[in-house]
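Let us take a walk through a protein together, starting with the whole chain and then stopping at a few places along the way. Have the structure open beside you as you read.

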Amino acid sequence: MCIHQLNLLAASSNSLPLGALLGKQHPIEARHFSSICDIMEKAMVNGDTCIIRCILVVFQVVFRFFNPQSEQNRESVRRSGLLLWQLLMAPVDQIGSEIQREVCLAISSGLNTLYQGEAELNKLLKLVLTEGERNSGLSQLRDVILTNLADQLQKNRFGSEEDDHYRLNDELLHCILKTVVRESCLLITKCQTVARDDFQKLLSTVPVVSPSLRYLMAVQNHLLSNTILIRPDDNDDSDSSLQGETMKVQELQSSILSLATKILVGCDEVLETLQQVTTALINSDIPDRETRLKGLEQVTKATMLGHLLPVLLTTLMHPNLQTLTLADALMPQLVQLVLYTSQTALLLKTQSPLFTDEPPLMGGPLGILDEREEPGFLTGLKIPAPWAAGKTVETVHPVRDNYKFKETVHIPGARCLYLRFDSRCSSQYDYDKQSSSLLVIYAGPNTNSRKVTEYGGNTLGYGSRSVLGTGWPKDLVKVEGDTVTFSFEMRSGREHNTPDKAMWGFSCTVRAQESSEDVSGGLPFLADLALGLSVLACSMLRILYNGPEVTREEEACHDLLCSKLLQRCQWQVEANGAISPALTPSPSPLPLTIEEDREFTYPSDVLIPPPGLMPGTYFDLPRIRLPPGIMGRLREVSGRARPQFRPSIK
């Protein structure tokens with residue numbers, strides 16, 4: 001127990017005295033570390049589990065301050081690694097689960113000591129990720145390592161020195177994602193295959209995040225949060241600083257694109273399994289079918305569909321990630337996910353008792369779904385409107401002497417606001433308003449706005465006057481507009497015999513509609529997920545439709561790009577990538593070539609004005625395509641070279 005406590009103190013912050021003291025100690029000598037290994041070997045031979053556990057905890061402490069640079073130290077490290085690996089690969093029934101966990105903790109704490117270099121560490125991680133399912137020791141080691149990496153990754157910003165150490169390469173990340181997809185599919189399949197009692201146990205244990213999924217969540221949150229929260233340095237506006245920030249944003253977006261593509265592909269596989277399990281449960285005749293279908297949504301939230309996808313969808317709507325590159329790359333996966341989620345949500349909705357007893361929908365002028373159309377997954381669902389639950393404004397309870405409170409509530413788009421006060425509202429009100437506690441309501445953003453009403457007092461008989469007017473309202477109070485301001489001030493001191501309930505203060509809920517909606521349940525998870533995917537897909541389609549953003553050069557050349565001369569030219573791409581006027585002929589009533597020794601004249605039919613043209617008005621003549629010889633002579637005479645245009649001019 002003392003060694004365990006020593007390990008905890010060593011791992012804790014340096015602000016603790018013992019932790020700071022251990023951090024200043026000289027590294028352990030090789031001969032002492034070799035003696036520890038001798039004790040471990042002897043204990044393993046004798047099967048002394050008590051000494052083995054103690055030495056394992058000692059390893060966890062020593063690895064934090066051990067310097068494996070000398071040859072003797074490297075030999076001791078290699079020896080300790082072999083001992084730990086021998087214990088890890090031993091059968092669980094031989095060494096026990098507690099010792100196996102201590103071994104994993106020792107290896108995890110000494111990763112940088114036992115495995116020098118990135119290549120050795122990646123080799124170990126690849127082994128535990130690929131072979132973890134076949135060996136309990138490797139599986140537990142994988143979980144411990146990924147949990148520690150996830151904890152450390154959440155503490156670091158993107159681009160820090162430790163960032164590359166905690167963020168694994170794409171190959172290892174792909175292995176972790178395969179594990180997460182396999183775990184998610186297995187969890188969903190259990191809803192169909194396990195017995196009734198086991199299914200109830202499953203519902204009582206989810207959502208529990210596996211270490212592999214937890215690490216993916218940490219990587220995703222690490223990248224997305226840094227992309228959204230990145231801010232340029234206001235104190236440094238040099239070109240090098242701006243260039244560095246731009247490169248950092250581009251690197252973040254590239255990493256997010258790689259991770260988002262992997263996650264969406266994995267979610268596609270999980271959704272396919274979910275649709276198959278849902279269909280199988282609907283077509284089955286098991287007695288607890290409805291219970292399993294209801295529990296299937298809860299189990300789905302415990303998979304990567306519940307922990308990774310919603311966060312990714314929400315963050316991809318941020319302006320920093322609304323780019324043409326992301327939209328072009330992610331659009332195919334988004335369309336496939338929209339199909340899977342909407343189909344599965346529709347399957348679950350049709351089996352819900354909430355919708356089976358509904359009358360058929362009739363078409364009408366109010367935008368209700370036409371009876372000839374197939375009902376969608378949102379048919380009959382009430383989508384919660386913004387601010388449907390309302391916003392609560394309240395003082396402290398009870399209010400104290402000289403207490404002041406002011407708050408403004410703004411609900412965009414609301415025509416009027418409805419205020420409902422708590423039945424416990426009370427304050428002290430006297431004849432002298434200068435010493436009373438009053439709540440004043442204003443229809444606007446501040447106290448200079450139009451005054452609506454004021455309330456104060458209590459019905460308990462405290463204060464020289466019970467209540468102001470008719471007292472605190474029991475019905476809804478309507479305020480015109482979309483903004484209301486509350487101003488409460490306790491101007492008098494509280495009498496010594498006044499109970500707390502007489503000075504409770506006030507609490508008020510502000511809504512944009514008269515009737516309060518029941519939004520406690522919200523949308524079903526899969527319907528909400530399908531709706532979020534649809535919104536993101538529409539946003540990406542808008543980006544693809546609009547195309548690349550107009551550059552400053554194109555804005556400067558706007559008048560030139562609108563020139564009829566340029567619009568009538570035909571352009572070609574030369575070998576060096578430049579754009580120049582095309583020299584190939586185009587359909588025209590004029591001759592394809594003009595003889596240089598002959599004077600060119602327009603054909604008579606070309607010069608005929610179009611019908612309906614008013615006398616005295618001009619009309620455009622057809623374009624004359626001159627041969628290369630004449631164009632070359634004209635350039636020589638004028639001294640102007642062939643113009644070079646940007647590719648976007650096409």
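This is a predicted model: local features need pLDDT of at least 70, side-chain atom pairs count only at pLDDT 80 or more; totals for chains, interfaces and linings use all residues.

How confident is the predictor? Each residue carries a pLDDT, a confidence score from 0 to 100. The protein chain averages a pLDDT of 76, and 69% of the residues score at least 70. Over residues 9-25 the score is below 50, and the model gives this stretch 13 contacts beyond near neighbours in sequence. Residues 353-373 also stay under 50 in pLDDT, with 21 contacts beyond four places in sequence. Please read both of these stretches with care.

Now for the chain as a whole. Of its 650 residues, 39% count as buried. The protein chain exposes about 37,400 Å², and carbon and sulfur atoms supply 53% of that area. Contacts also tell us how the chain is folded together: among those between residues at least 6 apart in sequence, 75% join residues at least 24 apart.

Our next topic is charged side chains. A search of the whole structure finds twelve salt bridges. One of them joins the side chains of Asp38 and Arg79, with 2.2 Å from N to O. This pair links distant parts of the chain, since Asp38 sits in helix H3 (residues 30-46) and Arg79 in helix H5 (residues 71-88), 41 residues apart. Is Asp38 buried, partly exposed or exposed? Its relative accessibility is 39%, so Asp38 counts as partly exposed.

Another salt bridge pairs Asp288 with Arg292, whose closest N and O atoms are 3.0 Å apart. Back at the Asp288 pair, Asp288 is buried because its relative accessible area is 10%, and Arg292 is buried because its value is 5%. A further bridge lies between Asp143 and Arg142, with the closest N and O atoms 3.2 Å apart. Here Asp143 is partly exposed at 22% relative accessible area, whereas Arg142 is buried at 4%.

Let us move on to a helix. H21 covers residues 525-546, and its 22 residues should span 32 Å at 1.5 Å a residue. Which residues of H21 are buried? Among them are Phe525, Leu526, Leu529, Leu533, Leu536, Met540 and Ile543. An α-helix has 3.6 residues a turn, so residues three or four places apart point the same way. You can look for that spacing as you follow the numbers. Just after H21, Gly547 takes a positive phi of about 75 degrees.

Not every leucine around here is tucked away. Leu324, Leu541 and Leu544 make a nonpolar surface patch of about 220 Å². Leu324 belongs to helix H19 (residues 324-351), and it counts as partly exposed because its relative accessibility is 32%.

Finally, let us visit some loops between strands. Between strand S1 (391-394) and strand S2 (404-410) lies a loop that holds Pro398. The peptide bond from His397 to Pro398 is cis, with omega near -10 degrees. Asn402 is found in the loop between S1 and S2 too, and it has a positive phi of about 60 degrees although it is not a glycine. With 63% relative accessibility, Asn402 counts as exposed.

Gly444 is found in another loop, between strand S4 (437-443) and strand S5 (450-456). Is Gly444 buried or exposed? Its relative accessible area is 6%, so Gly444 is buried. What does Gly444 touch, leaving out residues up to four places away in sequence? Its contacts are Thr408, Ser449, Thr483, Val484 and Thr485. Thr485 is 41 residues from Gly444 in sequence, and their C-alpha atoms are 6.2 Å apart in space.

Definitions and conventions
Residues are numbered from 1 along each chain as its sequence is written. Side-chain values use heavy atoms; hydrogens and water are left out. Patches are made of residues with over 30% relative accessible area and no salt bridge: like charges are joined within 9 Å, nonpolar side chains (Val, Leu, Ile, Met, Phe, Trp, Tyr) within 5 Å. Accessible areas come from the Shrake-Rupley method with a 1.4 Å probe; for residues, only the protein chains shown count as cover. A salt bridge is a side-chain nitrogen of Lys or Arg within 4 Å of a carboxyl oxygen of Asp or Glu. Helices (H or I, at least four residues) and strands (E, at least two) are DSSP runs, numbered from the N terminus. Buried means under 20% relative accessible area, exposed over 50%, partly exposed in between (1.4 Å probe, protein chains only). The expected span of a helix is 1.5 Å times one less than its number of residues. pLDDT is the predictor's confidence in each residue, from 0 to 100. Contact means heavy atoms within 4.5 Å.
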